Amino acid sequence: MAERRARGASPAGRGNRRTSRAPSRRPAAEVHGGAERVRRTTRRSRSRAAGARDWSERTILGLSAGKAIILAMVVCALAMTLAVPMRTFFTQRSEAAQLAAERRTLEADIAVLKDRRAQQEDPAYIRSEARDRLRLVMPGETPYIVQVPGIEVPAIPDPQAPRDVPDPWYTDLWRSISEQPPVEESAPPAPQPEGNR
């Protein structure tokens, strides 16, 4: 280390290379060209700095452009983060309202059925329905059926009798295609009276 200092080295241990070399002599054209390069680079750096200043000096809603962009990105990220949970919340809320409405209708149906069950367990109701629907009478009573002219009593259908079920639509369609329509016979044309010739 002592040797380096003795040679004129800096205290950091690095030698001063410029002091040991003799100044080089360059042609004048090179020196002027180098100065021109320096001017160009300084102009470019100044124009870049001015552009950066213009960009940073622009304001949006009282914020600089960079801060406004960052704020917009944060707001977009929050919106994207909250979009799915909010959609799920509103979907579940509408489903809950629909299920509550279905529950109310089912509870009303249950109440009606409980009332009907209680009514059908009443012996007086059973007797009246047996008289009206089945035309049954109590032992010792004589049944009378009064028939008023013009009012016909509908016949009680026999459960054993075959029912007249209409054919399905495709059977009618097949019949209309496969069978020829009936030909209407028209009367022969009447002879025309002969006129005076």
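Let's start at Arg175, which is partly exposed because its relative accessible area is 38% (buried means under 20%, exposed over 50% and partly exposed in between, with a 1.4 Å probe and protein chains only). This is a predicted model, where local features need pLDDT of at least 70, side-chain atom pairs count only at pLDDT 80 or more, and totals for chains, interfaces and linings use all residues. Residues are numbered from 1 along each chain as its sequence is written, and side-chain values use heavy atoms, leaving out hydrogens and water.

**Salt bridges**
- The whole structure holds six salt bridges, each a side-chain nitrogen of Lys or Arg within 4 Å of a carboxyl oxygen of Asp or Glu.
- Arg175 pairs with Asp167, with their closest N and O atoms 2.9 Å apart, and a network of salt bridges links Asp167, Asp172 and Arg175.
- Asp167 is partly exposed, at 38% relative accessible area.
- Arg133 and Glu129 also form a salt bridge, at 2.7 Å between the closest N and O atoms.
- These two are about one helical turn apart because they sit four residues from each other in helix 5 (residues 123-133); helices are DSSP runs of H or I, at least four residues long, numbered from the N terminus.

**Helix 4**
- Helix 4 (residues 65-120) has 56 residues and should span 82 Å at 1.5 Å a residue, which agrees with the 81 Å between its end C-alpha atoms; the expected span is 1.5 Å times one less than the number of residues.
- Helix 4 bends by about 35° at Ala83, with Pro85 following within four residues; the bend is the angle between axes fitted to the seven residues ending there and the seven starting there.
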